[in-house]
Amino acid sequence: MSINERSALSGLISSNLGYPRIGGNREWKKALERFWNGSIDESELHSEMKRLRLKHLSKQQDKGIDLIPVGDFSYYDHMLDTSVMFGLVPERFNYWPAGPVPLSVYFEIARGQKGATASEMTKWLNTNYHYIVPELANAAPVLTENKPLQAYREAKQELGIEGKPVLIGPYSFVALSKGYDRKDLATIVRSFLPLYTRVLSELAAEGVQWVQIDEPVLTTSFPAEDLDIIQEAYETLAQAAPALNIMLQTYFGSLEHYKRLSTLPVQGLGLDFVHDDGENLQHVLQHGFPAGKTLGAGVVDGRNIWRSDLKAVAALLSQLAEQTSAAQLIVQPSCSLLHVPVSLEAEQKLNIELVHALAFADEKLEEIAALTAALGERNPSALAQVEQSADAVARFNSSAARVQTAADMAALLAKEPQSRSVPFAQRRVIQQDKLKLPPLPTTTIGSFPQTAEIRKARLQYRKGEWSAEQYRTFIQQQIKEWIDIQEEIGIDVLVHGEFERTDMVEFFGEKLKGFAFTQNGWVQSYGSRCVKPPIIYGDVLFDQPMTVEETAFAQSLTSRPVKGMLTGPVTILNWSFERNDIPRSQVALQLALALRAEVEALEQAGIGMIQVDEPAIREGLPLKKEQQQAYLDWAVQAFLVTTATVEPATQIHTHMCYSEFQHMIQSISDMDADVISIETSRSHGELIISFEDQVYDKGIGLGVYDIHSPRIPDVAEMLSMIQRALRVLPSDLFWVNPDCGLKTRTKEESIAALRQMVQAAQAARDALAVSN
């Protein structure tokens, strides 16, 4: 029976928008890394990837999903897949596509090679997933292969699944790319339309019923003048494949310009009814939903791990059906399930009450199937699941961890300092008199390589095979080794290396109250890098010092300053699965007060430099411009609450990476950190342009090399980055550092790159001395 026949009989159908690539045991990550280190060849990699793809498709079929996405699987990133499908290989890689782009070139674009830097990587809208930014400068797009068609054929031939091909829409693809003048956007979109029409025409000729075209930029505050090119694009696609059902899919917020976009010539419109602040529902209620068009109702949260109250969701679906009809409604997640872990099956150690309140990707598919069966078929078992979910959510929300809220935040903060006691200009003099740093001081961002030996030692300690004293001795040996290495290289401000930390968020969550941790709750961050976000389920409270012992030990080994290293409150919030029963701003402030206690403990232990990292502060920025300042206000407040009580002589650092900061430099300044380090090398120094028009009057380091690539740039390349920055930033406030921490690099790569960084800094100092 076809999907359309089933829809006519039972009303509702179910759909998914994307499935986690990594596999239940991170098989995807492990296969990639075996290929990169030469343990398997390309044919073996392809074989393992195909096995995983088919397994994921079969699982969705077994869960009862009707419209199963195909083409969402990737070897690295879906935006990179689209780039190479359209032949967009940057010129520096010296490859001009004449057919499918080789896998070697694909990975070089993502990871760099000896003679060419990797393409820029940045956050996928407001998530912690990173995509490879397409480069459109001098681009002449061509269709090298029809990847969605290949994915559709594989699913049908291997499993008999009538899949729903997924591809990034032309407007979002261009809007999220770089290398062109914004005024030329419409022209660039038009240049891609012949390629999209060919892809869709071939899909239609193959007999594809539905295709999902993702246009997430339509939920941002995009310029109203772009509506004309969006209209033109979809009219062109509709004419090219009139028999094809196009689901125009949006997510992460409410649709901008609903009245006009809802009338585009597509057969379906996918809307997020979870992260839209209720606006999509209001649009539908106020303006109606176009007759004859299918509504993809994103009603199960695809970004967070909490179980749905299916009773409440069923009520929402019933409300939507009144505006459309059951036959026009598809039940689906709010976005791709790429952003949540695979399955709860492995979680044997979590509190059972908490487990019953959670849903990972597989459980979310079950929720979607249950809703569809309960409302569409009135299936008794599914109806029981709806009732059970409502009871489970209600029980958890009334548990002690959720209702014993910390002291009223406003009253508490009214009694606490929220700004430094001395302004930066005065602090700077006090700190330089104490630290006596050279011009263009060098430092690193915090972490050093987490070798197999370190990971093994941590595992032995956690399993009880090592005593606490054995583990402490091992960690101290690692710290001493790298303090010696840093001193020998000539770095001015040192770090202890964070060898005791599994992850910059998980480590702190394990030591604060209000957090829970999964055994296998991994999600993809970038490339093969997976993270295991902690779960903030209750009130966050400080328990005992978390970083003092290792930092104080490192400082005892050297006369050079050692930075204390903390993760900031907004990053911990954004990189966790946070509770959804109180405002995010309140959770951030709870975190800030807990971290303040750690900052004070470090200072009392004699640490005179403390870095409070906020790499994720930009990614949490709402997609709607009108909501952004309120977020920035409480994010800045949380940072200030964390750091406000230190003495003027204590130098506060922070770090941000892999996002665009041009429009929030004032908020960054308002954080009042003495020194901020920001990624700039992977974006090829483009952030520097921002400082030509905007004054930044505090210490700043713009990363001079990209740590996410194994490529080691030479001294001249780093020196060029420093000199370019010094054209717009004062040399007496400028620091030299890598883009980010070195956790993922090898020891050899790290030492070689840091040596060249120090040489570049010295060359820049020499040039300054001559010019002065």
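A residue is called buried when its relative accessible area is under 20%, exposed when it is over 50%, and partly exposed in between (1.4 Å probe, protein chains only). The model is predicted, so local features need pLDDT of at least 70 and side-chain atom pairs count only at pLDDT 80 or more, whereas totals for chains, interfaces and linings use all residues. Residues are numbered from 1 along each chain as its sequence is written, and side-chain values use heavy atoms, with hydrogens and water left out.

**First stop: the open sheet**

Helices (H or I, at least four residues) and strands (E, at least two) are DSSP runs, numbered from the N terminus. Two strands are said to pair if DSSP finds at least two bridges between them. Strands of a sheet pair through backbone hydrogen bonds, either parallel or antiparallel.

Display the strands and locate an open sheet of eight, in the order S1-S10-S9-S8-S7-S6-S5-S2, with parallel pairing. Which strands form the edges? They are strand S1 (13–14) and strand S2 (69–70), each of which pairs on one side only. Next, select S1 together with strand S10 (residues 329–333): the two run parallel and are joined by two bridges. Within this pairing, Ser-14 stands opposite Val-331 in S10.

**Second stop: aromatic rings**

Rings of Phe, Tyr and Trp (its six-membered ring) pair if their centres lie within 6.5 Å; planes under 30 degrees apart count as stacked, over 60 as edge-to-face and the rest as tilted. By this rule, the model has 19 aromatic pairs.

Select Trp-36 and Tyr-76, whose rings form a tilted pair, 6.2 Å centre to centre with 50° between the planes. This pair links distant parts of the chain, 40 residues apart: Trp-36 lies in helix H2 (residues 27–36), and Tyr-76 in the loop between S2 and helix H4 (78–85). Trp-36 is partly exposed, with a relative accessible area of 24%, while Tyr-76 is buried at 4%.

Now move to Phe-86 and Phe-173, an edge-to-face pair at 6.0 Å centre to centre, with 80° between the planes. Phe-86 is in the loop between H4 and helix H5 (103–111) and Phe-173 is in helix H7 (residues 170–175), 87 residues apart. Phe-86 is buried, with a relative accessible area of 0%; Phe-173 is buried, also with a value of 0%.

A charge sits over a ring if NZ of Lys or CZ of Arg is within 6 Å of the ring centre and within 35 degrees of the ring normal. Arg-111 lies over the face of Trp-36, at 3.9 Å from the ring centre. Select Arg-26 as well; its charged end sits over the ring of Trp-522, 3.8 Å from the centre.

**Third stop: salt bridges**

A salt bridge is a side-chain nitrogen of Lys or Arg within 4 Å of a carboxyl oxygen of Asp or Glu. The count by this rule comes to 40.

Select Lys-747 and Glu-481, whose side chains meet in a salt bridge at 2.4 Å, N to O. Lys-747 lies in helix H29 (residues 747–771) and Glu-481 in helix H20 (residues 468–489), so the pair ties together parts that are 266 residues apart in sequence. Lys-747 counts as partly exposed at 31% relative accessibility, as does Glu-481 at 28%.

Next, select Asp-539 and Arg-579: is this pair buried or exposed? Asp-539 counts as buried at 10% relative accessibility, and Arg-579 is buried at 2%. Their side chains form a salt bridge of 3.0 Å, N to O.

Finish this stop with Arg-420, Arg-427, Asp-672 and Asp-674, which are linked in a network of salt bridges.

**Last stop: helix H22**

Select helix H22 (residues 548–556), in which the buried residues are Val-548, Glu-550, Thr-551 and Ala-554. Contact means heavy atoms within 4.5 Å. The buried residues of H22 pack against H20, strand S15 (563–567) and H24.
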